[in-house]
Amino acid sequence: MASGIFALLDDIAALMDDVAVMGKVAGKKTAGLLGDDLAVNAEKASGFMSSRELPVLWAITKGSFLNKLIILPLAFLLSAFLPSAITVILIIGGLYLAYEGAEKVHEYLFPHLHKKEKPKLEKLSEEEVLSREKEKIKSAILTDFILSVEIIIIALGTVGQEPLLTQILVVTLIAIVATVGVYGIVALIVRMDEFGAKLISLNEEENSFSDKIGRFLVSALPKVIKSLSVIGTIALLLVSGGIFVHNLEFFHGLFESIPGIIVEFLTGLVVGFVVFALIKIGIKMWKKFKS
C-alpha cells in the first residue's frame, strides 16, 4: 500500500516536472503574442472616464476568461481526435498574424491622411453612455477571442506530442497566466496617468520629487502604449514567421547559415506583405465586380 502511494506521488512529481518544462517552452512561444495582446487591450481599455476604467477592464477580463473556457475544450478535442487540424489552424493563424503585422508596417510607412476634425461635444444620457461603453467592451472581448485562439493553438502546437493530460495542464496554465498577466499589466498602464496626477497633487511644493515623478508618469502613458504597439508588430512577424519555418517542410534547412530570429522575422514580413497584397487586390476586384 505504501509503495503504491509513493509510486503515485512519484508519477505526480514527474508529471508536474513535465508540465513545468513544457510550460516554459510554450510560454516562450506565446510570449511574442502577449506584446500585441497587451498593446491592443491597453488601447481598448483606455479612453473611458477615470472612474469607469477599472470596471470596464474587469468586464473585459471576465469576457477573456469566458473566451478561454470556450476555446480550451475545443482545442483539446481537436488535439485528441484530429491533431492534424492543429497544424492547419496554426498556418491559418500564422497567415493572419503575418497579414496584421504587414498591415501595421504599411500603415507606418504610408500613413493615411485623415482630415483633422474639431471634436464635437455631445450631450448623452447615462443610458447612452453605458450603451457605448458596452459596445466597446464587446469589441474588446471579440479581439481578445481572436488573440486567445492564437495563443492557445500556438501553445498547444508546442506540446502536441505530449500526453493529453500534459497538454491540458500546460495549455490551461498558459491561458490563465496570459489572462491574469496581460490584464494585470493593462490595469497598471491605464491607471498610470491617474497615479501620476495624484503624485503631482501630493503636496503644495512646486517641482518637488513627487511632482517630477508624477509628470513623468502622465507624459509616459501615450509613449508606453505606442512602444507596445511597435513591440507587438515585431512580435507578430516573429511569431508568424516561426510558425511557417517550424511547420512547413519547405523551410527546413533552407537558411541554416542565417540566425533563426532573422529568418523568422523576414519570413513573416514577406508572407505578410504577400497576403496583404492579395487581400488588397481581392478587395479592388470585388468593388469593380459590384459596380
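Guide: A crossing is left-handed if the near helix is turned anticlockwise from the far one by less than a right angle. Keep that in mind for this predicted model.

Visitor: What is the handedness of the crossing of helix 3 and helix 7?

Guide: The crossing of helix 3 and helix 7 is left-handed. Their axes come within 8 Å and cross at roughly 145°.

Visitor: Which residues make the contact?

Guide: Helix 3 contributes Leu90, Ile91, Gly94, Leu95 and Ala98, among others. From helix 7 come residues including Leu236, Leu237, Ser240 and Ile243. By class, the contact has 12 nonpolar, six polar and two charged residues.

Visitor: Step back. How many helices and strands does the chain have?

Guide: Eight helices and zero strands. From the N terminus the order is α-α-α-α-α-α-α-α. Of the 291 residues, 36% count as buried. Among contacts with a separation of 6 or more, 79% join residues 24 or more positions apart.

Visitor: How should I read a nonpolar core?

Guide: In soluble globular proteins, nonpolar side chains tend to be buried together. Here the largest nonpolar core has 32 residues. Leu156, Val171 and Ile243 have the most contacts inside this core.

Visitor: Which elements give two or more residues to this core?

Guide: Helices 2, 3, 4, 5, 7 and 8 do. Helix 3 gives the most, seven residues. A second, separate core has 10 residues, including Leu57, Ile60, Tyr183 and Val186.

Visitor: What is Val171 in contact with, leaving aside its neighbours within four places in sequence?

Guide: Val171 touches Leu72, Phe76, Ile152, Ala155, Leu156 and Val159.

Visitor: Now the rings. How is an aromatic pair described?

Guide: A pair of aromatic rings is described by the distance of the centres and the angle of the planes. A search of the whole structure finds three aromatic pairs. In one of them, Phe273 and Phe276 sit 6.3 Å apart, centre to centre, with 80° between the planes. Planes over 60 degrees apart count as edge-to-face, so the Phe273 and Phe276 pair is edge-to-face.

Visitor: Where do Phe273 and Phe276 lie?

Guide: Both lie in helix 8, residues 260-290. They are three residues apart, about one turn of the helix.

Visitor: Is Phe276 buried or exposed?

Guide: Phe276 counts as buried, because its relative accessibility is 7%. Phe273 has 29% relative accessibility, so Phe273 counts as partly exposed. The cut-off for buried is under 20%.

Definitions and conventions: Residues are numbered from 1 along each chain as its sequence is written. This is a predicted model: local features need pLDDT of at least 70, side-chain atom pairs count only at pLDDT 80 or more; totals for chains, interfaces and linings use all residues. Side-chain values use heavy atoms; hydrogens and water are left out. Rings of Phe, Tyr and Trp (its six-membered ring) pair if their centres lie within 6.5 Å; planes under 30 degrees apart count as stacked, over 60 as edge-to-face and the rest as tilted. Helices (H or I, at least four residues) and strands (E, at least two) are DSSP runs, numbered from the N terminus. Buried means under 20% relative accessible area, exposed over 50%, partly exposed in between (1.4 Å probe, protein chains only). A nonpolar core is a set of buried Ala, Val, Leu, Ile, Met, Phe, Trp, Tyr and Cys residues joined through side-chain atoms within 4.5 Å. Contact means heavy atoms within 4.5 Å. Axes are lines fitted to C-alpha atoms, for helices over the stretch in contact, and angles run from 0 to 180 degrees between N-to-C directions. Ala, Val, Leu, Ile, Met, Phe, Trp, Tyr, Cys and Pro count as nonpolar, Asp, Glu, Lys and Arg as charged, and the others, Gly among them, as polar.
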